[in-house]
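The sequence and the model come first, followed by notes grouped by topic.

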Amino acid sequence: MDKLSDTLGRFGGVYLLPVALGAVAFVLIGAPSSWVTLTVAGLAMGMMLFLMASGLSLVFGLMDVMNFGHSAFVSFGAFVAASVLAGLSSWLGSDSVVLASAALMLALLAAIAFGLAVGLFFETVIIRPVYQDHLRQILITMGALIVSEQIILAVWGGTPITVLRPGFLEGAWIIGDVSIEVYRLFAFALGAYVFAGLMILLNRTRIGLLIRAGVENREMVEALGFKINRLFIGVFMLGSALAALGGAMWAGYETLITPALGGEMMIVVFIVVIIGGLGSIEGTLLGAIIVGLTANYVGYLTPKLALASNMILMMAILMWRPSGLKPAVK
Amino acid sequence: MKQSFGTIAVKTTMLIIAALLLFAPFLFQDIRALEVAARICIFIVLVASYDLLIGYTGIVSFAHTMFFGFGAYGAAIALKQMGPGWDAVALGALAGVLVSLVVATVIGLISLRVKAIFFAMITLAAASVVLVLASQLSQITGGEDGITYRAPDIFKTATKLMVDDDGKVVRWFGVKLNGKLAGYYFVFASSLALFLVLLRITVSPLGTVLMAIRENEARAEAMGYRVVAYRTFVFCLAAVVASLAGSVYAVWLKYTGPDTALAFHIMIDILLMVVIGGMGTMWGAVVGAVLLVMAQYYLRDLMGAASEALHGIPLLPELLAPDRWLFWLGIIFILLVYFFPKGIVGTLMLRGTRT
Amino acid sequence: MTLLSVRKMKTNIGQYAVLHDVSFDVPEGGVFVLLGRNGAGKTTTLRSIMGLWQPSPGSVQFKGQDIAGMATADISRLGIAFVPENMGIFGGLTVEENLVLATAKGKFDQARLRRIYELFPALEQFWSKQAWSLSGGQKQMLSVARAIIEPRALILIDEPTKGLAPSIVAAMGEAFREIAQSATILLVEQNFNFARNLGRDMAVIEDGRVVHSGTMADFSADTDLQGQLLGLSA
């Protein structure tokens, strides 16, 4: 019983980290209205990071495969969505909310479809031949990342691209002296939906049962008669599509994107999955929220340390827990 | 021991490359060629020290440029603050080495315990944080613009190493014996010395232990080797060598900025060189560095011409544009890792032993 | 009638040859026991049959069909279940989830489920508990239950009594006897006293080779042979 309550306390403790982070920031920032704005921004950013990182984490958990080219999906998602939105600028410009929503939906769907297709290509052509060989996996996926970035440069050019947004996502809600950007709420809501969807998929369906079992013990899933490679292709494609969706959302958030986006996000995504612990969706969400909040709080308090702070956070957490906050059960 | 054809071919190539680099100022008498030769020297050391990690120990680090940058920025900042002098070079190089040692030890102790993949991710994150810091702390590092400074007097182009009776600089085989020449030989000699040290390490008992760890970590541990300690040590060693190479390069270039010393594309260059040349051979570093640096300088011209020729075809001209040369290198890289994981040198040496 | 026929099976793990020449026939029905010292290659034999290591082709026949080189999942679907030495329990999943995963269609056959409850009452009791919280014996029961939740012709069981309390070992023996009435068990066991009471036929592996095979009755009677092959003193 002691052990049980101990375990519960520890789990609660881990999940309380973002809350503690918020409380410390509240004291340091001083102004409640700024704090609310920053917290909302941090949560929104966390949700977008979650979209980008969840696939990477699951893929590693299931097959011990680390895809260093994962950020290519983020970039592709961002640029494909930006292109679709640019192509449908007349719909966005019209007064009709229906048309503007349709343009947004199409852009996000295009990013997802592209992510699925590129994910299928990556899994079957790039990664399949180097299962079980970490060194070559790192090298090959890195090579694929270089090629992907060059393709983006060749297709979209090196100059920054402005991303159009539907009118109803522009602007901010003002409550008292707190202002909350609508797009951030939208990003948060979408991320929350995807998280809920993933939790249902993992905990309420047979496929999810197989994925959870596979993360723990791949061989035994095979011995029970399931082809784990097929499952893996599916998970890989899902992860790629989510990363592309995350990239598309990020493009709308930044409103100005460059081909360097993939490389920048890759670092943050790595920090997220390392902090959260590889292989678990809850851990990834936790890591993403922590990184999102830290980036925004520190960005406000000492702008120059924004990226370094996440790095320091990661080092600290690794010293405390070498496998991250909440890794998958192995 | 009878030497195979492949080994002889590799050794002959090494001798030719060494000779070409030694006589480079006399053989290729233009400024650009000398730049290329100096860059090759530096990258041979950088890649060879990286090979000690990836090829001999099986550690994948993405922070090698970071250590190179510590050395370069150390020398650059010292030369800028203290003025051109050997004391500044020595102090800067030493500072670079110390910072590299501390950072390498911390990273090594934290993350070499965990999986190889974690280590790769953490080094990548650390390197990018340093890159961002370097561009943000512009009072010290000059930010994106970098630092321009003067090297010790002996390396000034105007310096006359030998003068004739008229007070003019002496020419040997038509080459002026000036500070530029001294600079090149400083780079050449330092690189040679560092490379020989690395070579010596790989044939020492330490090299044998490292390879034992790479082949079978659990077994090496069971034999009583403290794997984490060895790995951390090698990581520090490679970091120190990279840092020294950075200092030498900073003295030669008289300029240090993110693009020459820290940017991620340098890391990609190193990776390409070590894989193209061949991991775990040391000689592979030489071949890889020579081929890739040459390609960087001369392939772009070729691609520019090809891009012009294919004008009008969709996408292909864009992909053949000189700036897109990484696209093709990336594809070559992937194909090499698939089909010739031992690289050029490794494959050559293997080929020879079979016949 | 022969259910499984292993002929001259060789298996390399990495660069090490673990199995050199393993040949034996498992007749249909009852318990076939594979004996041998630690490191003799018993576990490797089971894993090779299951396709988790790749044996040299053409050396394993199940119901007359060559299964060497087939994917593990396909071998499983032919009707071979595997209870590995480490039990292979999914600790993050509940007992129910562990079992439902092992069904072909995701639904329980109520009759089989009742039979499992009768064999292992603890599983019914801890039905919705996460499997990591079970005791060692309960995990072993779950692993065996998973193997029989669908009708299987052959069940490979690797050292099921290791580290278990005597009372649980006895219960496990009863369960195996029950299971062996409708399926064939290929049992790898170190505990000779447990194995001799269950087995009908047997083989001994030593250094990657089958050095003896015959009936358990004959082997039980021959204490000299036992001492020679297993290092047991009478």
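## Briefing

In chain C, 44% of the 234 residues count as buried, a residue being buried if 20 or more other C-beta atoms lie within 10 Å of its own, exposed if 12 or fewer, and partly exposed in between, with C-beta atoms placed from the backbone. The model is predicted: local features need pLDDT of at least 70, side-chain atom pairs count only at pLDDT 80 or more, and totals for chains, interfaces and linings use all residues. Residues are numbered from 1 along each chain as its sequence is written, while chains are lettered from A and ligands numbered from 1 in the order in which they are written.

**Confidence**

- The model has an ipTM of 0.90 and a pTM of 0.84.
- Chain A has an average pLDDT of 88, with 95% of the residues scoring at least 70; pLDDT is the predictor's confidence in each residue, from 0 to 100.
- Within chain A, the element with the lowest mean pLDDT (73) is helix α1 (residues 2-29), and the one with the highest (94) is helix α3 (residues 70-87).
- Helices (H or I, at least four residues) and strands (E, at least two) are DSSP runs, numbered from the N terminus.
- For chain C the mean pLDDT is 89, and 98% of its residues reach 70 or more.

**Chain C**

- Chain C holds ten helices and ten strands.
- A compact globule of 234 residues would have a radius of gyration near 17 Å, and chain C agrees with its 17 Å; the radius is taken over C-alpha atoms, and the globule rule is 2.2 Å times the number of residues to the power 0.38.
- Taken along the principal axes, the C-alpha atoms of chain C fill a box of roughly 45 × 40 × 35 Å.
- Of the contacts in chain C with a separation of 6 or more, 67% are between residues 24 or more positions apart; two residues are in contact if their C-beta atoms, placed from the backbone, lie within 7 Å.

**Positive phi in chain C**

- Most residues other than glycine have a negative phi.
- Lys63(C) is not a glycine, yet its phi is positive, at about 50°.
- Lys63(C) sits in the loop between β4 (60-62) and β5 (65-66) of chain C, and is partly exposed, with 16 other C-beta atoms within 10 Å.
- Met87(C), also a residue other than glycine, has a positive phi near 75°.
- The loop between β6 (80-83) and α3 (95-102) of chain C contains Met87(C), which is buried, with 23 other C-beta atoms within 10 Å.

**Chain B**

- Chain B has 17 helices and four strands.
- For 355 residues, a compact globule would have a radius of gyration near 20 Å; the 21 Å of chain B agrees with this.
- The C-alpha trace of chain B spans about 70 × 55 × 50 Å along its principal axes.
- Buried residues make up 47% of the 355 in chain B.
- In chain B, 72% of the contacts between residues at least 6 apart in sequence join residues at least 24 apart.

**A helix pair in chain B**

- Two packed helices are described by the angle between their axes and the distance between the axes.
- Helix α3 (residues 31-57) and helix α11 (residues 227-253) of chain B pack at about 170°, with their axes 10 Å apart.
- α3(B) is therefore roughly antiparallel to α11(B).
- Residues in this contact include Ile42(B), Leu46(B) and Leu53(B) of α3(B), and Val234(B), Ala238(B) and Trp252(B) of α11(B).

**Contacts between chains**

- Two pairs of chains are in contact, and chains A and B share the most contacts.
- The contact between chains A and B takes 30 residues from chain A and 37 residues from chain B.
- On the side of chain A that touches chain B, α6 (134-156), α11 (261-276) and α13 (306-320) of chain A give two or more residues.
- α6(A) provides the largest share of that side, 14 residues.
- The contact between chains A and C takes 16 residues from chain A and 18 residues from chain C.
- On the side of chain A that touches chain C, α8 (206-216) and α9 (218-223) of chain A each supply at least two residues, and α8(A) gives the most, with six residues.
- Chain B and chain C are joined by no contact, and their closest C-alpha atoms lie 11 Å apart.

Definitions and conventions
Axes fitted to C-alpha atoms, helices over the stretch in contact; angles between N-to-C directions. Parallel < 35°, antiparallel > 145°, perpendicular 65-115°, else oblique.
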